[in-house]
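Please open the structure in a viewer and keep the selection panel at hand.

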Amino acid sequence: MADAAPVLVSLNHKGGTGKTHVAYLVASVAHARGQRCLLVDLDQQANLTSSFLPGHTSPTGVERLFDPSQEPSAEGLVHATPYDGIDLIPATPLLAPLDLSDQSAWQAHDLHLSLRGVFGELRSRYDYVVLDCPPRLSLTSYAALCAGSHLLVPLEAADWGARGTQAVVATQRLVTRRHNPELQLLGYVVSRFKRTRSYQQEYLAALRGAFGRDAFWTVIPDLAEFEKAVTDRRLVSTSYPDSDAAHTANTFLAELDSRVERLARQRQNRRPEVVPERRAAAV
Ligand SMILES: Nc1ncnc2c1ncn2[C@@H]1O[C@H](COP(=O)(O)OP(=O)(O)O)[C@@H](O)[C@H]1O
Ligand SMILES: [Mg+2]
């Protein structure tokens, strides 16, 4: 188990880019490896909650963490899922009023800092924490950036130049400067890639040219196997271990791990050198 799990924020400005799917892939491979993963559903659509806790009816969920009258405690909101090692803090319909886009409505009360420090204790018990965001830079997404360690931007190859994607990364930089110096961009993940369409290859090349090393080299293809696994509520890595989908998921998480390590090393190297204390002169 890691000392402190990375807190991955899966965010883009657009729906259907694979944000929730990326969270599902991390959980799927972690489960197959015998690791532990905490999923946090911050989207009022609750897709992650319905995949991992079907029929969930608990009256409380992640919205409790935004209530200024409560001492935030994530621990009491964690539910075990049917998959070993995978836990989830669910989204409930009560999250909807918090999906605010008007910054002035929440900044006055510092609601965007609601998740800061909340996962501190939990991080030591998991290998990964994944915050699945709505397709907007709303309060819940902003709060996720203020609490996370790494931003992951799932996107379709054709969308590499989209303004929404640029806005997400600009917001990440702002949050890193103002609220959360731990937050770093982990990378752009091309998702739902249609391998057989030649124009998609052109988009991919343009994206790599624009984003360079910030683009994951693992590309997540659009596969019927992924769709079927999600519909059947199965985890690709254990239910179909020899499939293309499982292979992609494993490669993706291996790359994610090495990116997290590389960023940690870079950060370590940037720290000012510790100058050893001078030995007291012998008398
Ligand atoms: N690589 C993929 N191959 C096939 N289907 C996918 C893939 N990624 C996502 N999907 C499906 O596409 C839909 C939208 O993906 P999702 O991750 O929910 O998007 P988002 O969270 O960004 O709105 C879901 O039904 C999901 O199961
Ligand atoms: Mg989603």
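Which polar backbone atom lies 2.8 Å from a nitrogen atom of ligand 1? Select proline 221: the atom belongs to this residue. The model is predicted, so local features need pLDDT of at least 70 and side-chain atom pairs pLDDT 80 or more, while totals for chains, interfaces and linings use all residues. Residues are numbered from 1 along each chain as written, chains are lettered from A and ligands numbered from 1 in written order, and side-chain values use heavy atoms, without hydrogens and water.

Next, select lysine 19, where a side-chain N or O atom is 2.7 Å from an oxygen atom of ligand 1. In threonine 20, a side-chain N or O atom is 2.9 Å from an oxygen atom of the ligand. The protein covers 83% of the 550 Å² of accessible area that ligand 1 has on its own (Shrake-Rupley method, 1.4 Å probe).

Now display the largest pocket, in which ligand 1 sits (more than half of its atoms lie within 2 Å of the pocket's grid points). A pocket is an open set of points on a 1 Å grid over the protein atoms alone, where a 1.4 Å probe fits, with protein on both sides within 12 Å along at least five of seven lines; lining residues have an atom within 4 Å of a point. This pocket holds about 620 Å³ of space. Among its 28 lining residues, Gly18, Thr20, His21, Arg192 and Val230 are closest to the centre.

Finally, move to the second largest pocket, with about 370 Å³ of space. Select Ala4, Pro6, His150, Val260 and Ala264, which lie nearest its centre among 19 lining residues.

Methods
A polar contact is a pair of N or O atoms within 3.5 Å; within protein, one must be able to donate a hydrogen and the other to accept it, and residues adjacent in sequence count only if both atoms are side-chain atoms. Grid points are joined across faces, edges and corners, and a volume is the space filled by probe spheres set on the points.
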